[in-house]
Amino acid sequence: MRPFHLAIPVHDVSVARDFYGRVLGCAEGRSAAQWVDFNFFEHQLVCHQVAGEDREAVAGVNPVDGERVPVPHFGVVLTRDQWDDVVGRLTNAQVAFRIPPTIRFEGTAGEQATCFVQDPSGNCLEFKAFADLEQLFARDA
């Protein structure tokens with residue numbers, strides 16, 4: 001699989017370095033005064049500092065399996081061990097969960113562990129791990 005590239009706005013590059021680097025454990029790549037690259041679970045995430053600290057990153061929510069899922073959001077599909085590690089890192093850093101760790105679609109082909117957080121700039125992230133990765137793109141019959 002080829003790495004995905006995503007660029008997101010942040011209000012402060014140094015705060016993004018702390019969250020993505022220290023809290024989530026993402027290795028830092030290239031950077032300049034106004035942006036920084038991270039190895040986001042083998043994908044390229046670029047945090048660009050932009051004006052407008054008061055901007056609202058969440059445009060709305062969508063109901064999914066009883067939760068109000070923030071839109072837009074981005075994330076990564078992890079192994080269950082990686083997911084447990086990320087949840088532990090977030091918990092230890094006292095990051096508030098927007099949607100706490102839970103099992104969604106329990107007992108179905110799409111069963112997955114999931115949680116949502118917001119970074120310090122308000123960008124919503126989802127971390128998930130499928131019970132059966134083969135079901136990642138499965139459709140209901």
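Analyst: A salt bridge is counted here when a side-chain nitrogen of Lys or Arg lies within 4 Å of a carboxyl oxygen of Asp or Glu. The model is predicted.

User: Are Arg104 and Glu126 buried or exposed, and which residues are joined with them into one network?

Analyst: Both Arg104 and Glu126 are buried. Salt bridges that share partners extend the pair into one network. The residue joined with Arg104 and Glu126 is Lys128.

User: How many salt bridges does the structure hold?

Analyst: One of them is formed by Arg17 and Glu28, and another by Arg30 and Asp37. For the whole structure, the number of salt bridges is seven.

User: Which elements are tied together by the pair Arg17 and Glu28?

Analyst: The closest N and O atoms of Arg17 and Glu28 are 2.9 Å apart. Arg17 counts as partly exposed because its relative accessibility is 28%, and Glu28 counts as partly exposed at 40%. The two residues are eleven residues apart in sequence, and the elements that the pair ties together are helix H1 (residues 13-23) and strand E2 (residues 27-32).

User: What volume lies in the largest pocket, and which residues lie nearest its centre?

Analyst: The space in the largest pocket amounts to about 470 Å³. Strand E7 (74-77) and E10 are the elements that give two or more residues to its lining. By class, the lining has nine nonpolar, four polar and three charged residues. Of the 16 lining residues, those nearest the centre are Met1, Val76, Val77, Leu78 and Leu136.

User: Which residues make the nonpolar surface patch of about 400 Å²?

Analyst: Leu136, in the segment after strand E10 (124-130), is one of its members. Leu136 counts as partly exposed because its relative accessibility is 31%, and this value passes the patch requirement of over 30%. The patch is made by Val77, Leu133, Leu136 and Phe137.

User: How many cavities of 30 Å³ or more does a search of the whole structure find, and which element gives the largest share of the lining of the largest cavity?

Analyst: The search finds one cavity of 30 Å³ or more, and the largest cavity holds about 40 Å³ of space. Its lining consists of Val10, His11, Asp12, Val15, Ala16, Tyr20, Asp119, Pro120 and Ser121. These residues divide into five nonpolar, two polar and two charged. The largest share, three residues, comes from H1.

User: Where is the peptide bond that is cis?

Analyst: Most residues other than glycine have a negative phi, and most peptide bonds are trans. A bond with omega near 0° is cis, and its second residue is Pro72, in the loop between strand E6 (67-71) and E7. Pro72 counts as partly exposed because its relative accessibility is 45%. The cis bond runs from Val71 to Pro72.

User: What is the value of phi of Phe41, and what is the value for Phe105?

Analyst: Phe41 lies in the loop between strand E3 (35-39) and strand E4 (44-49), whereas Phe105 lies in the loop between E8 and strand E9 (112-118). Phe41 counts as partly exposed at 22% relative accessibility, and Phe105 is partly exposed at 31%. Phi is positive in Phe41, near 55°; in Phe105 phi is likewise positive, near 55°.

User: What distance separates the C-alpha atoms of Gln82 and Phe127?

Analyst: Gln82 is placed in helix H2 (residues 80-92) and is partly exposed, with a relative accessible area of 35%. Gln82 and Phe127 are 45 residues apart along the chain, and their C-alpha atoms are separated by 9.5 Å.

How values were computed
Residues are numbered from 1 along each chain as its sequence is written. This is a predicted model: local features need pLDDT of at least 70, side-chain atom pairs count only at pLDDT 80 or more; totals for chains, interfaces and linings use all residues. Side-chain values use heavy atoms; hydrogens and water are left out. Patches are made of residues with over 30% relative accessible area and no salt bridge: like charges are joined within 9 Å, nonpolar side chains (Val, Leu, Ile, Met, Phe, Trp, Tyr) within 5 Å. Accessible areas come from the Shrake-Rupley method with a 1.4 Å probe; for residues, only the protein chains shown count as cover. Helices (H or I, at least four residues) and strands (E, at least two) are DSSP runs, numbered from the N terminus. Buried means under 20% relative accessible area, exposed over 50%, partly exposed in between (1.4 Å probe, protein chains only). On a 1 Å grid over the protein atoms alone, a cavity is a set of points where a 1.4 Å probe fits but cannot get out, and a pocket is an open set with protein on both sides within 12 Å along at least five of seven lines; lining residues have an atom within 4 Å of a point. Grid points are joined across faces, edges and corners, and a volume is the space filled by probe spheres set on the points. Ala, Val, Leu, Ile, Met, Phe, Trp, Tyr, Cys and Pro count as nonpolar, Asp, Glu, Lys and Arg as charged, and the others, Gly among them, as polar.
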